[in-house]
Structure formats: C-alpha cells, structure tokens
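Please have the sequence and the model at hand while reading.

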Amino acid sequence: MKKYLSISEMAEIHSVSRQTLIYYDKIGLFKPERVDEHGYRYYSSSQIPFLREICFLKAAGIKLADIKKHIKNRNLTTAISLLEYHRGFINKEIRKLLQTRESIESRLNTYANIYSYKEELYQPVIEEFSERKIVFFPFKHEISRQELHLTSMRAWNTLVKQGMLPSKGFGTMIMKESVKENNIFEGAGAFVFLSSEDPAIQNVITLPAGKYICMYKYGMPYDSQFLHRLLEWINDNHYKVIGNIVDACVLDTTFYNENTDVDLCQLQVPIEKMN
C-alpha cells in the first residue's frame, strides 16, 4: 500500500472537492502531511479520521473557525463542550423557525378567508374573542396617514427587535372614554397583535375576552364615519360599549392597484346587552 494519498484521492474519500482541501490548508484547518517541490499536496492515511471529523462537524453546522480551534486541542471534554454548545444553538434556531412557520400559517389563514370577509362587508355581527395582547403606542400628533404609518412602525419594530414576526396583524385602538366625549382620536394609537408574551416587550395591553360587535369595512381608521355608523347600530340594538375599540387591518393598501387610499379593516367593539 502506498504511503501517501494525493489531494484528489483524499477529496474523493471524503466526498469533498480539491478546492475545499486547498482552502482548509490555507486557513490552517487541515494541512497535508507533505508538499513536494512542485507544490502538490499529499496526505497520510492516518489523517483520514481527522478530516472525517472536520467534515462531520461542518455538516452539523459548526463554523470552521470553531472547528479549527477545537480540532487542535481535541479531547473528550472539549468535544462534549463543543457539541453541547452547538446543540443549544440548534435548539434556538428550531424555536425561531417554528415561530416563523406559525407566522406564515397565520398570514395564509387570513388570506384564505378573505372572500368570506368581503361577504360580510358593512354588516354588524357579534363575534366572541379570547383574551389578546397588543403592543400599543399612542399617536403623538393628529391622526393622518403618515402619523398612522409611523406609529404603527414603532409598535411593529418593538416585536422585530425581539426577533418576532408581527404576523397576527395590526391596527388602531380607540379609547372608550374618547368616544363618549365625541373626541374619538384622543388617546388613540397604533398597535400590533402579540403572538407570544415576552417580558422584554413593553407597552403591552390586554384586550379582554368577550363579545364584540364587529364590522368589516374599506376605510382608514381616521375615516370615522364607519365607526359612527356602528356605534349607532349598537345603540339602536340596546348594547353598550364596555371597552376600547379596535380597528384591525385585514388587508392593507399594498394589495390594491386601483385604490390605494383604503385598507380592508374590521372594527371590533366590546359590548354587553343593556337591561
């Protein structure tokens, strides 16, 4: 049996390219045992287990820099430490991917039901909601399209900074007391729905569980005519408003070519029947 393996033979044994072995040599990760006067690289068969291990660790997703640091001073303790650390990293990535999949499924569910939403346009219906959490920021200035977008992004970025996708939707919240005083947008602001609780996130408000009078409409939150119409219906049907009002965006203006002035939204007003 010959003493040395050529770089092509070593590469073939491990199902890697010659360029990979040249690169490993250049960065000091895995060097040939011998280089001849023409620059050809040769490896001994005793180097096979080392390259096999490097290939395994790389396939497991460990960075080459960490493999290099580990492989030079390798023992059972450092091997366990490296793999345990990487296992923690993988678990974190899996949790992140699962949250991303959940976010995508939430969006798909909204899109799948869009035609049923449109069939209920401008019709008040009673819906039951479970408790929900939102991240809320009040408007700093008089409500307008720009103020709406800027405030929404403050809430949106609060989730993004914590590695969350704001996939549950967003909207505007209108204070119950302001409606009573006929100053609808006093204290109002923008929000995003929170898909999971995180103690690091501030400005969290709970939307209580219960019955809500809901109505889909095409219109921006500052088009208060729809809210006035719904409040009139609530009064005529002997209900009373018992909490803050949600104007949740279902499809924003990015979906419309002809009319970019309005969103498809759902007004949600918490109510109870008057005696």
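Helices (H or I, at least four residues) and strands (E, at least two) are DSSP runs, numbered from the N terminus. The model is predicted, so local features need pLDDT of at least 70 and side-chain atom pairs count only at pLDDT 80 or more, while totals for chains, interfaces and linings use all residues. Residues are numbered from 1 along each chain as its sequence is written, and side-chain values use heavy atoms, with hydrogens and water left out.

A pocket here is an open set of points on a 1 Å grid over the protein atoms alone where a 1.4 Å probe fits, with protein on both sides within 12 Å along at least five of seven lines, and its lining residues have an atom within 4 Å of a point.

| Pocket | Volume |
|---|---|
| Largest pocket | about 690 Å³ |
| Second largest pocket | about 270 Å³ |

Each volume is the space filled by probe spheres set on the grid points, which are joined across faces, edges and corners.

The largest pocket is lined by 29 residues, and those nearest its centre are Thr110, Ser167, Lys168, Gly169 and Cys249. To this lining α5 gives the most, with five residues.

Around the second largest pocket stand 18 lining residues, of which His149, Ser152, Phe170, Asp252 and Asp263 lie nearest the centre. Here α7 is the element that gives the most, with five residues.

Aspartate 36 sits in the loop between β2 (34-35) and β3 (41-44). A polar atom of the aspartate 36 side chain lies 2.9 Å from the backbone nitrogen of histidine 38, and a polar atom of that side chain also lies 2.9 Å from the backbone nitrogen of tyrosine 40.

Key:
Polar contact = N/O pair within 3.5 Å; in protein donor to acceptor, adjacent residues only side chain to side chain.
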